[in-house]
Amino acid sequence: MSKISLDGCAGAPALGDVICSVKDIKEGMALEFSYQNGDDLLDIFILRKEGKIYAYKNTCPHAGTPLNMMPETFMERTETYLMCHTHGALFNYSTGECVGGPCKGSYLTQISIQIKEGLVLAA
Ligand code: FES
């Protein structure tokens with residue numbers, strides 16, 4: 001699995017700066033953010049699940065599309081896995097590993113974050 005930092009992305013919070021507040025993320029849902037990274041956009045989502053926070057690049061390792069079709073909604077119907085809505089790949093939300101579908105065994109790219117005093121910080 002790989003992990004990347006927002007450092008160097010235009011408009012992104014600097015290391016240690018606030019991305020969002022944990023309380024702004026509804027349980028089982030995610031907030032989405034987009035930053036310019038050179039010529040590309042870096043789209044990320046920050047998920048709150050069972051009280052913990054996870055941050056991933058919003059790019060499926062199968063064909064590179066965003067995972068979600070609806071804003072803030074990344075979990076499948078049973079809320080057990082993250083799901084890519086393009087071809088249905090299922091991902092473990094705590095590790096980012098694809099556990100079912102066309103990219104089984106690959107991983108979502110994690111975003112480096114830190115949680116401090118109820119805030120999600122760039123790390
Ligand atoms: S693009 Fe995500 S499963 Fe194909």
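The following conversation goes through a predicted model of one protein chain, from its overall make-up to single residues.

Colleague: What should I know about the numbering and the model before I start?
Modeller: Residues are counted from 1 along each chain as its sequence is written, and side-chain values rest on heavy atoms, with hydrogens and water left out. Because the model is predicted, local features need pLDDT of at least 70 and side-chain atom pairs count only at pLDDT 80 or more, whereas totals for chains, interfaces and linings use all residues.

Colleague: How many helices and strands does the protein chain have?
Modeller: Both are DSSP runs numbered from the N terminus, where a helix (H or I) needs at least four residues and a strand (E) at least two. Read along the sequence, the pattern is β-β-β-β-β-β-β-β-β-β-β, and the count is zero helices and eleven strands.

Colleague: Why does the protein chain count as being as compact as a globular protein of its length?
Modeller: The radius of gyration is taken over C-alpha atoms, and the globule rule is 2.2 Å times the number of residues to the power 0.38. For 123 residues the rule gives 14 Å, and the chain is as compact as a globular protein of that length because its own radius of gyration is close to that, at 14 Å.

Colleague: How many bridges join strand 3 to strand 4?
Modeller: Two strands pair if DSSP finds at least two bridges between them. Strand 3 and strand 4 form a hairpin with two residues between them, and Gly-38 in the turn has a positive phi of about 65°. Gln-36 stands opposite Leu-41 in strand 4, and the two strands run antiparallel, joined by eight bridges.

Colleague: Which residue takes a positive phi in the hairpin of strand 4 and strand 5?
Modeller: Strand 4 (residues 40-49) and strand 5 (residues 52-57) run antiparallel and are joined by six bridges. Lys-49 stands opposite Lys-52, and Leu-47 stands opposite Tyr-54. Two residues lie between the strands, and the one with a positive phi, near 50°, is Glu-50.

Colleague: Which strands stand at the edges of the open sheet of three strands?
Modeller: The order in this sheet is 2-11-10, with antiparallel pairing. One side of each edge strand is left without a neighbour in the sheet, because each has a single partner strand, and these edge strands are strand 2 (18-21) and strand 10 (113-116).

Colleague: Which residue of strand 11 is the bridge partner of Ile-115?
Modeller: Strand 10 and strand 11 (residues 119-122) run antiparallel, with four bridges between them. The bridge partner of Ile-115 is Val-120.

Colleague: How many residues does the largest nonpolar core have?
Modeller: A nonpolar core is a set of buried Ala, Val, Leu, Ile, Met, Phe, Trp, Tyr and Cys residues joined through side-chain atoms within 4.5 Å. Among the residues with the most contacts inside the largest one are Ile-19, Phe-33 and Ile-46. Strands 2, 3, 4, 5 and 11 each supply at least two of its residues, and the core has 18 residues.

Colleague: Is Glu-97 buried, partly exposed or exposed?
Modeller: Glu-97 is found in the loop between strand 7 (90-91) and strand 8 (98-100), and, leaving aside neighbours within four places in sequence, its contacts (heavy atoms within 4.5 Å) include Leu-90 and Tyr-107. Buried means under 20% relative accessible area, exposed over 50% and partly exposed in between, with a 1.4 Å probe and protein chains only. At 28% relative accessibility, Glu-97 therefore counts as partly exposed.
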